[in-house]
Amino acid sequence: MRERRIGMRLQVGPVDRVRDMQAGMRDRLLMSVRYGGPAAGVQDMDHPFVDVPTPVLCGEPRLESWIASDPVTRFRRGDLAWAEDGQALFGCRSHRIGDDMEQDALTACRDLLSLLDERGYPCLQRIWNYVPGINEDQQGVERYKRFNIGRARGFEERFGAQAERHYSASSAVGAAGDHLIVCFAAAREMGTHLENPRQMSAYHYPAAYGPHSPTFARGTVTPEAWGRAFFLSGTASVVGHRTTHVGDPLGQLDEALANIDVMLQRSSTAPCDRGGRVRLDLLKIYIRHPGHYPAIRDALAARLDPSTPSIYLLADICRANLLLEIEGVRL
């Protein structure tokens, strides 16, 4: 377990160990996310706390907690909870889906963007989406594609022709249960949203990937008030707009790592230790098939600084032919 402090702290580890570390700082908790918990939803805690019921492959449930340097103010409005400290706003929303994922996504996006405008934190830095049945068919269209339509409508309603400028780092992976879970981080000032020259910008994907392209940047460098932290979007084995190494989990891992190396260089963070191993303050690895976990874990261990906190989760990925996806944070 490792803790870094540059404007805010990120604590990651088994649930009981992280909670023990939080003694004396609960008034500064911005948001906590528990993976592998008993049920989906925003919990009635003294700070924004959401359960993502995605199975943890690397052992017991894990807790990810964001902690501000100063005391925060907390709010709850229905299924939306958030906290703010004057520079950052972190929040979470969990809502039971119906039979129209497009509308569910649009409502979630509208609620989120309206809240950020209302509270004076209009600049998204990161969004995490957990989408039930992400690859399942819904009235002839994959749920992820319907999710993209609704999400795009929300951004276009708010920002019009300038919507692309506001796409931040993001991810969308499958989730167990029937709740669409959205976690988010926003600031008063714009971050720097980055693209990967190895990949077509997701919002320019051809029509083969759905009626509307995904609306996210490949990564975001936060503003100076946040210490120029870096959020890496969900990154997979995609070159241009095509999936590579179909059916080969280790080939897909190598390609995803090649994409991550480019993004770390573009973010101007120090991406590696002296041995050339990737060094981040949190890495989450989503794996479609549990049988692939041991090989992916062992191969990734050779490329990671051993102090990097890593959480391996069982989840479907946004494309049916993708076997894994990796996201990260660098403070």
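In this predicted model, the sulfur of cysteine 123 lies 15 Å from the closest cysteine sulfur, that of cysteine 109, which is too far for a bond. Cysteine 123 is buried, at a relative accessible area of 7%. Cysteine 318 is likewise in no disulfide. Its nearest cysteine sulfur also belongs to cysteine 109, here 17 Å away. Cysteine 318 is buried too, with a relative accessible area of 15%. A disulfide is a covalent bond between two cysteine sulfur atoms. With a cut-off of 2.5 Å between the sulfurs, the count of disulfides is 0.

Helix α3 (143-159) and the strands β12 (169-175) and β16 (230-235) each contribute at least two lining residues. By residue class, the lining contains 12 nonpolar, 7 polar and 6 charged residues.

Aromatic contacts were examined next. A pair of aromatic rings is described by the distance of the centres and the angle of the planes. The structure holds 13 aromatic pairs. In one of them, the ring centres of tryptophan 128 and phenylalanine 231 are 6.0 Å apart. Their planes meet at 85 degrees, so the pair is edge-to-face. Tryptophan 128 belongs to strand β9 (residues 123-132) and phenylalanine 231 to strand β16, so the contact ties together parts 103 residues apart in sequence. Both tryptophan 128 and phenylalanine 231 are buried.

Phenylalanine 155 sits in helix α3, and tyrosine 167 in the loop between α3 and β12, 12 residues apart. Phenylalanine 155 and tyrosine 167 are both buried. Ring pairs also link Trp66, Phe90, Trp128, Trp226 and Phe231 into a cluster.

Charged groups pack over rings as well. The charged end of arginine 119 sits over the ring of phenylalanine 75, 4.4 Å from the ring centre. Arginine 188 lies over the face of tyrosine 121, at 4.1 Å from the centre of that ring.

Conventions: Residues numbered from 1 in each chain as written. Predicted model: local features only at pLDDT ≥ 70, side-chain atom pairs only at ≥ 80, totals over all residues. Heavy atoms only, no water. Helix = DSSP H or I, 4+ residues; strand = E, 2+ residues; numbered from the N terminus. Nonpolar A, V, L, I, M, F, W, Y, C, P; charged D, E, K, R; others polar. Phe/Tyr/Trp six-rings, centres within 6.5 Å; stacked < 30°, edge-to-face > 60°. Buried < 20%, exposed > 50% of the residue type's maximum accessible area, 1.4 Å probe, protein only. Lys NZ or Arg CZ within 6 Å of the ring centre and 35° of its normal.
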